[in-house]
Amino acid sequence: MFSHNTVYEEAEFRGLVRKYRQEFFDELVGYNASLKADYLLLGVRDKDCVSVLIGIQQQSEVSELFEYPLQGSPCEQVLQTGICAYPNAVCSLFPHDASLSQIGAEAYLGAGLFNELGRNVGILVAIFNSPQPDIERDKAGFHASAKLIATRLQKYFLETRTINNLSLLDEVSSLSKTGAWEYYPQDKKLFWSKETYAIHGVAMKVPIDVEQALTFYKPESKAVVQSAFHELLAHNTPYDIEVQIISAHNDSKWVRTSGKYELDDEGNIRRYFGAFEDITNYKSTVLLSEERASRIQNILDNINDAVISIDAKGIILNCNDITLKIFGYDDGELIGKSVEMLMPEPYASNHASYMANYERSGNAQIIGTGRQLPAKRKDGSVFQMELSLSESTDVGKKIYIGVVRDISERIAAQDTIYNLAYTDSVTHLRNRQWFQKECKDLILRAAVHEEYMHILLLDMDNMAQINTRLGYSNANNALQAIAENLSFIIGHEYHIYKFAGDSFIIMSKKTYKKADIYRFDTSLIENALINPRHYDIDTEDGNWSLSASLGSAVFEANKQNYERVVNVLENAVKQAKKSAPFGLCHISDDGMQEFDRYLAIKSHLRQALDKQELSLSLQPQVNHQGVTTSFEVLVRWHSNELGTVSPGDFIPIAEESHIICDIGNWVIDETLKTLKQFIARGLDLCVAINISAKQIVQPDFASSLLARVNYYGIPAQMVMLELTETALVIDIDIVKNTMDQLAKCGFRFSIDDFGTGYSSLAYLKELPISELKIDKIFIDDVSTYSNHNGSPIVDAIIDMARALNVTSIAEGVETLEQVEYLISKGCNRFQGYYFSKPMPVEHWHNTNLINNLSTNTSTKLK
């Protein structure tokens, strides 16, 4: 359980909590005495669930431990963010968490338990049955308690692992009958391992010194050991000898003992140490050595690696058949020759000095470790080998055994895999994975020196259409040609990477100090990258002119991470696409602040509904007589953190995700409530509701809308659904079916912002449309009618509405001149500041205000 991991994971977490259950239980009880949570739970992450290991209900243990799913629970947020707190209404926030409802949870406090690799493997949760308005005050302490538990678990884990490993070491030593010794010259202290005591037959508690150790050797061996030990102490000469001892139990044994030294950081002797092996059984079988050697040789000849043994002078003593095959020699050509003949230069010339240095110092980087080195065949060709070299003795003489593996084919395969992993197959540029690695490295280096980086993202325009038009083969050839052009443009000062299927990342190799960044002209490379001539491509089907859009930013490294860099550049490209083809957006410091606001809006928008920060405003729509005939519903958002946020800012962000559907459903419900109040006051007014493209293609949109209209008792004829032209083309078949189904029930449809999108006249003819809205940008073109400066587009839309037999309505009407012109052209209804600004719903609860508006408007129109 503890032998291989360096940090605990879920399984170890579970085992350690069970082992030290009482200790953790007492600690949690003590902590809860001040926290006063109704439930305090310590759980382990178990795939998609949390298993509670210790539970405290007030000051006593929970009778039954339980398991609950992460999805839809506040613990899911904890595992993502580290700590979360909800002062009240937690069941409403997480309606799918049945566990919270069962225990009557009102407030929630949760903190993740992270191992030393930063992985969240557990969770500490406090649940309160009553609101906790000051819960934010407890977050820091709660988080610290979670960290303390995680730290204690790591300590217990390491202690257990160390004990187990020491036991394993003792077991290995016992099985191999190999002990160890250490001698510290400054203190003149000698230490034996457990197995060394066992070999000598001495109890572990008996202290030992050098003189006592020498008494166990037979007289002829004692002199050898004394001499070797003296040379080790006097001249730092390692030894490895085989001698005989008489144990404390009067048993005669052969032992192999070695001695080496270790230096401290200042080059002084810190200690001497060595191994002590019982080789009695080995010595008893020495007569069988020839048979054993033959058997070993047979084994060596049948393995796939070359095995070579050499003496201390580098002379080849033995080798197996595969050695001859790999190096291209015949039998007998290697034995007795220097191993240098298997090495290319400069390794061959330096080998003797390497060996001499090792014999003198005992230091060698290659002994006991595998290394990749070049090797030379008989024909002089050089190949890469993997060499594992070990030191041994043969009949008392030091030898070295090398195991050689020809890894030429493996290296070739690794190169292939490397290219597949980090190279784009179409353009042969380094890919997104390689950019991620190099970008993170550059951020780290630049952040240390407080420097800036210049990175650009270039995205091809309309690549999907190009693939269809050219075919994938020609489109790939075009991308390859563009990649070559871009590589030439950037020269040696930038790296270029294939970022996605149709985009490239360009990153400056240099970083810049703040003082230099103002003199750095980013426009040079930006203008070069979007020069149209680089996108004129010759293919088999002729010449094609492609285009791209470019996002560019200069980043302050110590304020960035990889994910933020990519997000900023992708946002810059999104802005550049608005000016496509060859759009360019350079993100400055203001742009970074704008992007931060974008992220802030996106983050807080998720909670706007839950915090009841959204509200409705109504803007009246009037006819030629100035009578208010209908209202358009407009949503407003005042965030507690961000203040008032314009719909132009948050609606596009909401449309990036399903949030727009949640907002749309809320708007429908609130509008129907308002209509119900209007009906109760005898008002017969239609209300227009904007429906997003994502909302109308939901499978249950029609049935859900009908159910809600019936619930509030609202006639469907009083609801006008406004759709943009974008919504019509997103999936025309689904949209048409939904519109037909709702039109049969009495709902009416308006095309909002008409003329700004992509609608086909064929679609308009087939769809159950009641109204065309003329966008404000066209109304703004209308000057005074007396100067005959009208708007041909406005005229065309009014005529089209008349031809389709639908109502025309102008929005954004702000002047009397615009009204007079629109009336003269036959526009049916009007909406804009000339009549009224959008006002909160509460403003229109007074029926007189609506009547007065109609009266005042009628006066304006006369």
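Modeller: A polar contact is a pair of N or O atoms within 3.5 Å; within protein, one must be able to donate a hydrogen and the other to accept it, and residues adjacent in sequence count only if both atoms are side-chain atoms. This is a predicted model, where local features need pLDDT of at least 70 and side-chain atom pairs pLDDT 80 or more, while totals for chains, interfaces and linings use all residues. Residues are numbered from 1 along each chain, and side-chain values use heavy atoms, without hydrogens and water.

Colleague: What makes S646 a cap of helix 22?

Modeller: A side-chain oxygen of S646 lies 3.1 Å from the backbone nitrogen of G648, at the N-terminal end of helix 22. That value falls within the 3.5 Å limit. Helices (H or I, at least four residues) and strands (E, at least two) are DSSP runs, numbered from the N terminus.

Colleague: How do you know that the buried residues of helix 22 line one face?

Modeller: The buried residues in helix 22 (647-654) are F650, I653 and A654, where buried means under 20% relative accessible area with a 1.4 Å probe, protein chains only. Down the helix axis they fall within an arc of 100 degrees, so they line one face. The arc is taken from the directions from the axis to the C-beta atoms.

Colleague: Why is strand 19 called largely enclosed?

Modeller: Of its seven residues (494-500), five are buried, so the rest of the structure largely encloses strand 19.

Colleague: What makes strand 19 and strand 20 a pair?

Modeller: Pairing requires at least two DSSP bridges, and six join strand 19 to strand 20 (503-508). The two run antiparallel, and H495 has M507 in strand 20 as its bridge partner. A hairpin of two residues connects the strands.

Colleague: How many cavities does the whole structure hold, at 30 Å³ or more?

Modeller: Three. A cavity is a set of points on a 1 Å grid over the protein atoms alone where a 1.4 Å probe fits but cannot get out; lining residues have an atom within 4 Å of a point. The largest cavity holds about 200 Å³, the volume being the space filled by probe spheres on the points, which are joined across faces, edges and corners. Its lining has 13 residues, with A213, Y217, V225, F229 and Y239 closest to the centre. Helix 8 gives the largest share, three residues.

Colleague: What kinds of residue line the largest cavity?

Modeller: Its lining has 11 nonpolar residues, two polar and no charged. Nonpolar covers Ala, Val, Leu, Ile, Met, Phe, Trp, Tyr, Cys and Pro; charged covers Asp, Glu, Lys and Arg; the others, Gly among them, are polar. The second largest cavity, of about 80 Å³, has 10 nonpolar, one polar and one charged.

Notes:
On a 1 Å grid over the protein atoms alone, a cavity is a set of points where a 1.4 Å probe fits but cannot get out, and a pocket is an open set with protein on both sides within 12 Å along at least five of seven lines; lining residues have an atom within 4 Å of a point. Buried means under 20% relative accessible area, exposed over 50%, partly exposed in between (1.4 Å probe, protein chains only).
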